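Here are my notes on the two-chain model, as promised. Have the viewer open while you read, and take the points in any order you like.

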Amino acid sequence: MIEDLSRYLGNPRNVDAVLELLLVHVRLALLPLVLGLVVAVPVGWAAQRFRRVRGAVLGATNIVYTVPSLALFVILPSILGTKILDEINVVVALAVYTAALLVRPVVDALDALPGHVLAAATAMGFRPARRFLTVELPLAVPVLAAGVRVASVSNISLVSVGALIGVGGLGQLFTEGFQSAYDPPIIVGIVLTLALALVVDALLVGLRRVLTPWQAPARAGAGRGAA
Amino acid sequence: MIGTVFGWLTDGTNWTGGDGLLRRILEHLRYTVIAVLGAAVVAVPLGLAVGHTGRGGTVAVGVANAMRALPTLGVITLLSLTLGILKTGPVLLGLGILAVPPILAGAYAGVQSVDRAVVDAAAGVGMTSWQRLWKVEVPLAMPLLLGGLRGAVLQVVATATVAAYVGLGGLGRPLLDGLRVTDYPRVAGAAIVVAVLAVLLDLALALVQRQVVPRGLRLARTSVGGAR
């Protein structure tokens with residue numbers, strides 16, 4: 001098996017193809033993450049602020065999450081008017097999942113803000129929009145970051161399912177390997193997916209540290225680079 | 001376009017027979033139930049043990065999170081190539097791996113969420129470690145435990161479509177066959193059936209989840225004004 005693997009990776013053409021798929025995978029997983037976050041923050045804000053919106057939004061996010069990814073990939077073209085093999089379908093589908101996953105953490109995080117901090121900001125003359133962007137949102141980062149980490153792992157592994165409709169980044173290594181009954185591309189695909197999830201997760205943890213400088217590092221010495 | 005999808009779904013001949021939707025739904029449910037039960041047999045005791053003893057939590061959560069990143073399609077294709085002899089084995093194993101992390105996390109979080117004072121009180125009235133687990137921690141952990149199970153069922157129902165890719169049945173069959181011959185109503189129709197199945201299963205489990213909340217816990221909740 002290791003012999004096969006080294007022979008597969010010994011061919012520069014294979015390596016190029018794999019790297020290209022890796023790039024596609026990164027794009028298909030991370031673009032929806034950003035889009036979903038951008039949607040989830042205002043929606044979560046509205047849900048936290050207005051009681052009526054809250055029930056509707058949280059109910060809707062639960063339903064969205066029950067729609068299987070493959071189903072969404074193939075239904076979206078008829079709603080968006082895109083071609084079935086278009087990357088956009090996967091991006092939109094994963095962005096919808098990401099948004100659905102992140103609305104609740106946004107609401108929870110805003111719910112949990114200490115009232116005296118908000119009162120202090122208001123007393124200092126912060127208008128609602130500025131208070132939200134410069135006080136509430138930064139304080140929500142720890143809870144939000146936890147949600148973003150879950151969404152990133154979920155996106156990175158869901159992208160592969162797109163291979164069944166011909167758009168799947170590293171997932172295409174699985175379909176190619178299966179069709180030619182050849183293990184190495186599948187193993188490479190699994191390992192790279194795991195590695196990608198790990199690297200993105202580490203980056204997100206680092207980003208959270210940078211964004212929340214007031215939080216003490218979890219372990220002594222762990223926050224050396226965070227200042 | 002929506003009309004043709006509806007037409008496909010309401011055509012009785014698409015539901016019956018050897019390749020009909022009814023048979024595919026049953027296959028789909030069979031894969032789901034076996035995979036989730038198999039995962040639960042492994043993950044529930046593990047999660048309860050970790051939560052009860054308070055040992056190994058970081059390792060268990062770490063492993064569960066790494067498992068979440070495993071691409072199921074990759075696992076299933078690889079297992080099918082290497083263990084090809086057992087036909088449904090690879091699919092059930094791949095789907096089972098998918099179901100482990102949410103169940104493990106639910107069981108662990110459930111036990112962990114139990115108020116320490118309650119567990120201490122149980123110890124104070126003379127309950128053994130085993131009695132505390134079964135009579136106090138497990139009942140109080142039930143809502144979160146079932147929440148994890150619900151999450152696992154959702155993910156597995158959605159992903160069981162992959163089974164068709166390695167030559168098995170389930171609702172992925174009409175979906176992928178339809179894609180191959182660009183029969184769009186069949187593709188979308190099957191996708192809708194999967195989504196409806198997922199919603200129905202989730203609703204059923206939500207009802208069960210509501211039933212297993214211990215009466216005392218329900219009272220405690222309503223008395224603090226429904227705060228979560």
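Which residues of H7(A) meet which residues in H9(A)?

1. **The H7–H9 pair in chain A.** Keep in mind throughout that this is a predicted model. On the H7(A) side you'll find A:Pro138, A:Val141, A:Pro142, A:Ala145, A:Val148, A:Arg149, A:Ser152, A:Val153, A:Ile156 and A:Ser157. They meet A:Thr193, A:Leu196, A:Ala197, A:Val200, A:Asp201, A:Leu204, A:Arg208 and A:Leu211 in H9(A). Sorted by class, this contact has 12 nonpolar, 3 polar and 3 charged residues. The two helices pack at an angle of about 170°, and their axes are 10 Å apart. An angle over 145 degrees counts as roughly antiparallel, so that is how H7(A) and H9(A) sit relative to each other.

2. The mean pLDDT of chain A is 88, with 95% of its residues at 70 or more. The stretch to watch is residues 220–227 of chain A, where the pLDDT is below 50; beyond near neighbours in sequence, that stretch has 6 contacts in the model.

3. **Where the chains touch.** On the chain A side, 32 residues are in contact with 33 residues of chain B. Several helices of chain A each put at least two residues into that side: H3 (51–66), H4 (69–80), H7 (128–159), H8 (171–179) and H9 (183–211). H9(A) gives the most, with 8 residues. The chain A side divides into 22 nonpolar, 9 polar and 1 charged. Note that H7(A) and H9(A), the pair from point 1, both turn up here.

4. **A helix that is mostly covered.** Have a look at helix H4 (residues 72–82) of chain B. Of its 11 residues, 9 are buried, so it is largely enclosed by the rest of the structure. The buried ones are B:Thr72, B:Leu73, B:Gly74, B:Val75, B:Ile76, B:Thr77, B:Leu78, B:Leu79 and B:Ser80. What covers them? The cover includes H8 and H9 of chain A, along with helix H5 (89–112) and helix H7 (129–159) of chain B.

5. **The nonpolar core.** The largest nonpolar core has 125 residues, and B:Ile103 and B:Ala191 touch the most other members. Helix H5 (residues 87–111) of chain A gives the most to this core, with 17 residues. What is B:Ile103 in contact with, leaving aside its neighbours within four places in sequence? B:Ala39, B:Ala40, B:Ala43, B:Val44 and B:Gly47 are on the list, and so are B:Gly148, B:Leu149 and B:Ala152.

6. **Overall layout.** Chain A has 9 helices and 0 strands, while chain B has 10 helices and 0 strands. The C-alpha trace of chain A spans about 65 × 50 × 20 Å along its principal axes; for chain B the spans are about 65 × 45 × 25 Å. Buried residues make up 38% of the 227 residues in chain A and 46% of the 228 residues in chain B. Take the contacts between residues at least 6 apart in sequence: in chain A, 68% of them join residues at least 24 apart, and in chain B the figure is 73%.

7. **Two loop residues with positive phi.** A:Ala181 isn't a glycine, yet its phi is positive at about 45°. It is in the loop between H8 and H9 of chain A. With 10 other C-beta atoms within 10 Å, A:Ala181 is exposed. In chain B, B:Thr182 also has a positive phi, near 45°, and is not a glycine either. B:Thr182 lies in the loop between helix H8 (172–180) and helix H9 (184–211) of chain B. Is B:Thr182 buried or exposed? It is exposed, having 9 other C-beta atoms within 10 Å.

8. **One residue in H2 of chain B.** B:Ile34 is found in helix H2 (residues 21–53) of chain B. It has 16 C-beta neighbours inside 10 Å and so counts as partly exposed. B:Ile34 and B:Val212 are 178 residues apart along the chain, and their C-alpha atoms are separated by 22 Å.

Key. Residues are numbered from 1 along each chain as its sequence is written. Chains are lettered from A and ligands numbered from 1 in the order in which they are written. This is a predicted model: local features need pLDDT of at least 70, side-chain atom pairs count only at pLDDT 80 or more; totals for chains, interfaces and linings use all residues. pLDDT is the predictor's confidence in each residue, from 0 to 100. Two residues are in contact if their C-beta atoms, placed from the backbone, lie within 7 Å. Helices (H or I, at least four residues) and strands (E, at least two) are DSSP runs, numbered from the N terminus. Ala, Val, Leu, Ile, Met, Phe, Trp, Tyr, Cys and Pro count as nonpolar, Asp, Glu, Lys and Arg as charged, and the others, Gly among them, as polar. Axes are lines fitted to C-alpha atoms, for helices over the stretch in contact, and angles run from 0 to 180 degrees between N-to-C directions. Angles under 35 degrees count as roughly parallel, over 145 as roughly antiparallel, 65 to 115 as roughly perpendicular and the rest as oblique. A residue is buried if 20 or more other C-beta atoms lie within 10 Å of its own, exposed if 12 or fewer, and partly exposed in between; C-beta atoms are placed from the backbone. A nonpolar core is a set of buried Ala, Val, Leu, Ile, Met, Phe, Trp, Tyr and Cys residues joined through C-beta atoms within 7 Å.
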